[in-house]
Each structure stands twice: as C-alpha cells, then as structure tokens.
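Let's take a walk through a protein chain together. Keep the picture open beside you and find each spot as we get to it.

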Amino acid sequence: KNDNGKDKNVKIDTPLGGLHVRTNQTAAADVGLPTYPGAQIAADKDGDKAADVHMGFGEWQLRVKVVTYKTPDPQAKVVALYQKAMGRYGDVIQCDGSSAVGSPTVTREGLDCSDDQSKAHVHVSDDMQMELKAGSKRHQHIFAVHKGDGAGTRFSLIELQLPAGMD
C-alpha cells in the first residue's frame, strides 16, 4: 500500500528474472472468461478484488490471475453460464473439494480435482463450495463458488499457468 493506503503495483526486474504484481486491475476478460451479466466485482475476505501475479526466471514462469464477483442470481444459473463458457478450454470437470462430481472426472489433458500438492495440483481455498476446472495441469481455468450467506452468488474466476517441468 502507498502512503495514502491505496493498493500499489509491484514490479521487480533483475537480470535473472522478475516479479510483477497488479492488484484490483484484473477483469473476467483478462482471465479468458466472460463477465456474468450484472455481476459486480467484489472483495474477498482480505479485501482484495483481483490480482495478476507473474513470476518469471528464465524459462521458469508462474502466472496467476484472479477476479472475484458477486451477483444476486442463484448459483445454478451462474454455474450454467460458466460451464458452457469454460468449454472453449476443453473438457470441464466439477469438483467438490478434491472429489469429482459427475462426468468427466479428468480432462483429456489430465487435469483432475485432486489437491495433492506433490503432483502440482492446486488447492484454491477452503471457503469454496464448488469448482469447475478446464485445461491442463499446467494451464488451468477455474470457476470457484464461495461458500455464502444465501444472498446471491459470490464466485472467483482464475487462470493459472504453472512452470514447465511440473506434472
């Protein structure tokens, strides 16, 4: 944060690599997904609304983009839109924690619902009610519904690009 308490962006570049962090500037389109009609960007439990983090050191690259929204619409309607929209990235799987719900249980690219960190799977957060995932283990698109208070639907859109060499 700067002297006025506003979020600052961070950019560190060295001859070996760099770290770039932008907060509260990411939108659904930056994640490669549409904005749900009428949804408003919403802060998460830490007060952050969005982030774009990129770390790169030579060929080793890690990128995470996330934006959180809230809509008064019911969860089923929001899930249906993103189930269809994520199809552009291949098979879409539904996850309840580390377990698949329905079929398919694994994308053609090998992505599943496991959150086994030793196998480079990703655990988004403990406050997620359910997730949709598409893509591969190295390049994932994730739609995650937050556990809520019953008033509408709070959800996050995430694009994750993991470094080469991680299976």
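The names for helices and strands come from DSSP runs, numbered from the N terminus: a helix is a run of H or I with at least four residues, and a strand is a run of E with at least two. What you see is a predicted model, where local features need pLDDT of at least 70 and side-chain atom pairs count only at pLDDT 80 or more, while totals for chains, interfaces and linings use all residues. Residues are numbered from 1 along each chain as its sequence is written, and side-chain values use heavy atoms, with hydrogens and water left out.

Now look for Pro104, which sits in the loop between β7 and β8. Ser103 and Pro104 are joined by a cis peptide bond, with omega at about 0°.

Pro104 also touches Asp91, and Asp91 lies in another loop, the one between α2 and β6. Contact here means heavy atoms within 4.5 Å. Is Asp91 buried or exposed? Buried means under 20% relative accessible area, exposed means over 50%, and partly exposed is in between (1.4 Å probe, protein chains only). Asp91 comes out at 15%, so it counts as buried. Its side chain makes a polar contact with the side chain of Arg108, at 2.7 Å. (A polar contact is a pair of N or O atoms within 3.5 Å; within protein, one must be able to donate a hydrogen and the other to accept it, and residues adjacent in sequence count only if both atoms are side-chain atoms.)

Next, the disulfide, meaning a pair of cysteine sulfur atoms within 2.5 Å. There's one by this rule: Cys95 and Cys113, with their sulfur atoms 2.0 Å apart. The pair ties together distant parts of the chain, 18 residues apart, with Cys95 in strand β6 (residues 92–96) and Cys113 in the loop between β7 (99–101) and β8 (128–135). Cys95 is buried at 1% relative accessible area, and Cys113 is buried too, at 3%.

Finally, head over to strand β9 (residues 139–146). Seven of its eight residues are buried, so the rest of the structure largely encloses β9. Two strands pair if DSSP finds at least two bridges between them; β9 and strand β10 (residues 153–161) do this in the antiparallel sense, over seven bridges.

Conventions: Lists of a residue's contacts leave out its neighbours within four places in sequence.
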